[in-house]
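User: Please take a close look at one helix in this model. I would like to know how its two sides are placed and what surrounds it.

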Amino acid sequence: MKKAISLLMSVMMTLSVFSAAITANAASGTWIGNDYYQYEIVDGTARITAHSQHNGYDSTVYIPDSINGYTVTVIGKSSFIKHFNGITEYVIPSTVTEIGDAAFSQGSASEVQTLVIPSSVVTIGKNAFSSMKKLTSLTICEGVVTIGDYAFYGDAAIENIVIPKTVRSIGKSAFQDCVSLNHINLKNGVKTIGDYAFSGGIYPSIVIPKSVTSIGASAFSTRKTLKKATVMNSKCKIADNTSVFYGANTDKKVKLYGFDNSTLYKYAKKYNYLYQFVSLTTPTATKITKLTAKSKAFAVKWSKAANCMGYQVQYSTSKNMKGAKTVTVKGSSTLTRTVKNLKKKKIYYVRVRAYNKYGGKTYFTKWSAVKKVKTK
């Protein structure tokens, strides 16, 4: 009998816990000011599932950071998809870490003009803010890691975008058909850029940072405006697609800037793009590794510098390098040079440095330590 009672109590407790769990995760609703929110509790925090408002009450909607004591961490799928007249801004609280698919995708009816994605947000879902035709001011704060496919697709009034250094992936068509987009600032940190990610804009140039490892098809295909594209990662995987960088017209393609023997260089050769060997950074330092005397000559070897287009060898009979002569060695992989037609049995002082060229300017490292050699 005792065993039966004990078993019955155990079953009842289990049912009670199960019932409480169902209640905790069940959708609820509440009014906060002029706004009504439906939500569910997941892992002890609130996920907003729907929003409604009396038309015309508030131009700015301040999404709550908590509902009935539960911290709001997720703005759920399609939760703000319903349009209400007069809303020009949604203020997202700093407790939110995830914005779900199509969360604010209201279509052409949207009147939202200003949007700030706070630093707490890690993930922006697919179509989260697509087709906001009047959105002119977009701020994505550091903290965001993933920008989903079509996240800002068709936001036709945005003119400027800064992608912070915390972002790792930009999804397919994430900013496609942002037809007023005239400037993009990609911070070093982004790794992957999806197909058509920034296609349809009107920006004249783009610099793709060293962190980027892959660029999708037609990612930077503009409305006949792109003139210059720079790729800072020499091993970046570029889609096998003729219009990854589409510009002025089919007869005068975009001029591409990158490193010698890079994937961009191979892409340019395959699809007949203009190409310029450049670097936006000063090369790393080099130093003399071997200096050998020869008959009326000397041979010098030096260490390889990163991000360079070539080297300079300077030599003089004066220790302070007065009246020095300079020999330019083109190519980052050429690491030796023999200097001839010198005086016999004469001491020469020698030093080296690396260089890059960009935008008509030449950038040098500091000269290496001076070493001396006596010719034979």
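Analyst: The part examined here is helix H2, with a short note on its setting in the chain. The model is predicted. The protein chain has two helices and 32 strands, and buried residues make up 43% of its 376 residues.

Helix H2 covers residues 263–270, and within it Leu264, Tyr267 and Ala268 are buried. Viewed down the helix axis, the buried residues of H2 fall within an arc of 100°, so they line one face of the helix. An α-helix has 3.6 residues a turn, so residues three or four places apart point the same way.

Lys270 has a relative accessibility of 54%, and exposed means over 50%. The side chain of Lys270 also forms a salt bridge with that of Asp240, at 2.9 Å from N to O. That pair links distant parts of the chain, since Asp240 sits in the loop between S21 and S22 while Lys270 belongs to helix H2, 30 residues apart. Asp240 counts as exposed as well, at 58% relative accessibility. The structure holds three salt bridges, one of them being this contact between Asp240 and Lys270.

Just after H2, Asn272 takes a positive phi of about 60°.

Terms used:
Residues are numbered from 1 along each chain as its sequence is written. This is a predicted model: local features need pLDDT of at least 70, side-chain atom pairs count only at pLDDT 80 or more; totals for chains, interfaces and linings use all residues. Side-chain values use heavy atoms; hydrogens and water are left out. Buried means under 20% relative accessible area, exposed over 50%, partly exposed in between (1.4 Å probe, protein chains only). Helices (H or I, at least four residues) and strands (E, at least two) are DSSP runs, numbered from the N terminus. The arc is that of the directions from the helix axis to the C-beta atoms. A salt bridge is a side-chain nitrogen of Lys or Arg within 4 Å of a carboxyl oxygen of Asp or Glu.
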